[in-house]
Amino acid sequence: MVAAMQAYRGGQRPATVMDRIAKGFSDDEIKAIAAWFAAQR
Ligand code: HEM
């Protein structure tokens, strides 16, 4: 998820809206989102 969000932010991953959403988050924020997601069961 961290890799996907960073690739959206950098424009290396094709996107319709996620590129714009990912640009709003720092690396630390992306890591925090991914950690929260991984903790959901
Ligand atoms: C912090 C909020 C969000 C996070 C962390 C997030 C995360 C992700 C991730 C990890 C993927 C890749 C899924 C995969 O490849 O299996 C993805 C794809 C996608 N997400 Fe999000 N997402 C967020 C908010 C949103 C919102 C608000 C929308 C729509 C209003 C949205 C629409 C999409 C779409 C359409 C894709 C497919 C790629 C594209 O066309 O841009 N996401 N998202």
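Glutamate 29 has its place in helix α3. Helices (H or I, at least four residues) and strands (E, at least two) are DSSP runs, numbered from the N terminus. The model is predicted: local features need pLDDT of at least 70, side-chain atom pairs count only at pLDDT 80 or more, and totals for chains, interfaces and linings use all residues. Residues are numbered from 1 along each chain as its sequence is written.

**The overall fold**

The protein has three helices and zero strands. From the N terminus on, its elements run α-α-α. The C-alpha trace spans about 30 × 20 × 15 Å along its principal axes. Of the 41 residues, 7% count as buried. A residue is buried if 20 or more other C-beta atoms lie within 10 Å of its own, exposed if 12 or fewer, and partly exposed in between; C-beta atoms are placed from the backbone.

**Helix α3**

Helix α3 covers residues 27–38, twelve in total. From its first C-alpha to its last it reaches 16 Å, close to the 16 Å expected at 1.5 Å a residue. The expected span is 1.5 Å times one less than the number of residues. Zero of the twelve residues of α3 are buried, so the helix lies largely in the open.

Alanine 34 also lies in helix α3. The table sets out the neighbour counts of two residues.

| Residue | C-beta neighbours inside 10 Å | Class |
|---|---|---|
| Glutamate 29 | 11 neighbours | exposed |
| Alanine 34 | 15 neighbours | partly exposed |

Glutamate 29 is eleven residues from methionine 18 in sequence, and the two are 15 Å apart in space, C-alpha to C-alpha. Alanine 34 and alanine 15 are 19 residues apart in sequence and 19 Å apart in space, C-alpha to C-alpha.

**How α1 meets α3**

Helices α1 and α3 pack at an angle of about 145 degrees, their axes 9 Å apart. Axes are lines fitted to C-alpha atoms, for helices over the stretch in contact, and angles run from 0 to 180 degrees between N-to-C directions. Which residues make the contact? Val2, Met5 and Gln6 come from α1, while Ile30, Lys31 and Ala34 come from α3. Two residues are in contact if their C-beta atoms, placed from the backbone, lie within 7 Å. By class, the contact has four nonpolar, one polar and one charged residues. Ala, Val, Leu, Ile, Met, Phe, Trp, Tyr, Cys and Pro count as nonpolar, Asp, Glu, Lys and Arg as charged, and the others, Gly among them, as polar. Alanine 34 touches Met1 and Val2, not counting residues up to four places away in sequence.

**Around the ligand**

The residues around the ligand are Met1, Ala4, Met5, Ala15, Thr16, Val17, Met18, Ile21 and Ile33 (C-beta atom, placed from the backbone, within 6 Å of it). Helices α1 (2–10) and α2 (18–22) each give two or more residues to this shell. The shell has eight nonpolar, one polar and no charged residues.
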